[in-house]
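This report describes one protein chain for a reader who is new to structural analysis. Please keep the sequence and the model in view while reading.

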Amino acid sequence: MFRILIVDDDKNTRMLLKAVLEAENYSVSTAENGEDALAVMDASHVDLVVLDVMMPKMDGYEFTRTLRQSDNNLPILMISAKQLPADKKQGFLVGTDDYMTKPIDEEEMLLRIKALLRRARIVSERKIVVGDVVLDYDALTVTRGGRQQELPQKEFMLLYKLLSYPGKIFTRIQLMDEIWGADSETGWETVTVHIGRLRKRFEGWNEFEIVSVRGLGYKAVKKV
């Protein structure tokens, strides 16, 4: 069971969020500010933090900065009444993973939490599982039904990136910059070529599909 830490100086907000998360079978701890949150984390394991920004003693920005400076990559969902673009930018600059503004849509919050936990698990395990298919980042292999194939590095990284964010559209330029590097002299057409190779390699597999989005780029669609 995932344990989520709610950090907010408003008691009613803590109680509401705790009830919402516990209804989804999460284990929940609470803290009134950043200092108390650090103490909770010292005493018990935490998988994700839901964090208010404006708090006494240690606010959300300082708490996040403290974690990141100590190389702690715990997923953080920052929640705040501060809605200006500069406020959100500040949150991401100090290291938050996601940012929502109040009043909170509870269903959207739950979806964002699930996405953050899934990505954190992918990062820590360095594997993606889609039905019977397993992508192993360290071995550059794709395994299905006991049969394993090792992919060329760029092909594997391209597939791994797309399946890490199923449904998310990536432009060719985004994929080019991330996988080949912004300084690469290779043209974005290389992405198209590699996508074609991946489609041919996994043709007929019913676990996932790489879809072209006209005028935008590509996305992976999970079918299981």
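## Basis of the report

This is a predicted model, in which local features need pLDDT of at least 70 and side-chain atom pairs count only at pLDDT 80 or more, while totals for chains, interfaces and linings use all residues. Residues are numbered from 1 along each chain as its sequence is written, and side-chain values use heavy atoms, with hydrogens and water left out.

## The chain as a whole

The chain contains 8 helices and 12 strands. Helices (H or I, at least four residues) and strands (E, at least two) are DSSP runs, numbered from the N terminus. Along the principal axes, the C-alpha atoms fill a box of roughly 55 × 40 × 30 Å.

Of the 224 residues in the chain, 42% are buried. Buried means under 20% relative accessible area, exposed means over 50%, and partly exposed lies in between (1.4 Å probe, protein chains only). A contact means heavy atoms within 4.5 Å. Among contacts between residues at least 6 apart in sequence, 53% join residues at least 24 apart.

## Helix 1

Helix 1 covers residues 11–22, and its 12 residues should span 16 Å at 1.5 Å a residue, which agrees with the 16 Å between its end C-alpha atoms. The expected span is 1.5 Å times one less than the number of residues. At the start of this helix, a side-chain oxygen of Asp 10 comes within 3.2 Å of the backbone nitrogen of Asn 12. Such a polar contact is a pair of N or O atoms within 3.5 Å; within protein, one must be able to donate a hydrogen and the other to accept it, and residues adjacent in sequence count only if both atoms are side-chain atoms.

Which residues of helix 1 are buried? They are Arg 14, Leu 17, Val 20 and Leu 21. Seen down the helix axis, the buried residues fall within an arc of 135°, so they line one face of helix 1. The arc is that of the directions from the helix axis to the C-beta atoms. An α-helix has 3.6 residues a turn, so residues three or four places apart point the same way. The face turned away from the buried side carries the exposed residues Lys 11 and Asn 12. The buried residues of helix 1 are covered by elements including strand 1 (3–7), strand 2 (27–31), strand 3 (48–52) and helix 5 (106–125).

## Helix 8 and His 194

Helix 8 (residues 189–201) has 13 residues and reaches 19 Å from its first C-alpha to its last, close to the expected 18 Å. Its buried residues are Thr 190, Val 191, His 194, Ile 195 and Leu 198. These buried residues fall within an arc of 135° when seen down the axis, so they line one face of helix 8. Their cover includes helix 6 (153–164), helix 7 (172–180), strand 11 (208–213) and strand 12 (217–222).

His 194 counts as buried because its relative accessibility is 10%. The side chain of His 194 reaches the backbone oxygen of Thr 190 at 3.0 Å. Leaving aside neighbours within four places in sequence, His 194 is in contact with Lys 154, Glu 155, Leu 158 and Trp 180.

## Aromatic rings

The whole structure holds 7 aromatic pairs. Rings of Phe, Tyr and Trp (its six-membered ring) pair if their centres lie within 6.5 Å; planes under 30 degrees apart count as stacked, over 60 as edge-to-face and the rest as tilted. Tyr 137, Phe 156 and Tyr 160 form one aromatic cluster.
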